[in-house]
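I opened my notebook to look up what lines the inside of this one. Here is the model I worked from.

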Amino acid sequence: MKKGIIAIAALALLSFGTINAQDPFDGGRFGIEVEFMPNLNGSNFFNLPYGLSGSYRLNNGDKVFVGFQLGNQNTNNGAFIDKDDEDYDKLSENYDKTTLTNVMLGVTYQHYFIKEGRIRPYAGAFASIGRGFGSRHTYTNYFNDIDNTWYYEEITQKNNNCNFTWRLGVGVGLDVYITKGLYIGTHVGIAGSMSSRLDSTIEVESDDPAVETGTTELYNKLRTGNIMTDISAKLRLGWEF
């Protein structure tokens, strides 16, 4: 009995969504869309975990999106020292922390082959620019056998492995309307990218007289960058109002 009630309720909800989703959408509607992007090719910069866009439906039924994508990666490699080690107190303070955040701003155009109805396939193109913000911070305690003394070295690198990137891409996707104005969708695309490494700084602190301390500027004079292609997929949740 309970299973029958659940099945009837699910069928009624599906029918309600189907009926309401058949209504055509006129041009001039605004919307908002959230994207979730799994990492397909192992790139932490080009396949960002999520995005947020604002949309506008044109009179011909196509859409224009303006939005951003944000990705963040943090690693913290601590010391793996046996607690029975006589130098545990010193060595356990060692760490290697890395933070990398990428922000991309872009414009997307989506042409819909079916302008109304529950299922609406499309093809689209986009252009975007992005920048990375990152740092690496390491702290190391070590023992010098020559003078039998413990020393420390602390290194901070800003803009570590950060790029400025331009992207152009195309893709295809499908919007499925749950009810009027609310939809879920999928998208698969391919993009070409050009990036250049940003300048960075390294600051070294140490109480070891043999270590050169201070701040060093690392200038990346070569700005041509690399041209790459990547395949990405994303899940989308949107609402038009």
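This is a predicted model: local features need pLDDT of at least 70, side-chain atom pairs count only at pLDDT 80 or more; totals for chains, interfaces and linings use all residues.

**Cavity lining**

I sorted the lining of the largest cavity and got 13 nonpolar, 12 polar and five charged residues. My classes: Ala, Val, Leu, Ile, Met, Phe, Trp, Tyr, Cys and Pro are nonpolar, Asp, Glu, Lys and Arg are charged, and the others, Gly among them, are polar.

Residues are numbered from 1 along each chain as its sequence is written, and side-chain values use heavy atoms, without hydrogens and water.

I found one cavity of 30 Å³ or more. On a 1 Å grid over the protein atoms alone, a cavity is a set of points where a 1.4 Å probe fits but cannot get out, and lining residues have an atom within 4 Å of a point. The largest cavity holds about 390 Å³, the space filled by probe spheres set on points joined across faces, edges and corners.

Which residues lie nearest its centre? I noted Glu35, Gln69, Thr108, Phe126 and Lys234, out of 30 lining residues. Strand β4 gives the largest share, six residues; strands here are DSSP E runs of at least two residues, numbered from the N terminus.

Conventions:
On a 1 Å grid over the protein atoms alone, a cavity is a set of points where a 1.4 Å probe fits but cannot get out, and a pocket is an open set with protein on both sides within 12 Å along at least five of seven lines; lining residues have an atom within 4 Å of a point. Helices (H or I, at least four residues) and strands (E, at least two) are DSSP runs, numbered from the N terminus.
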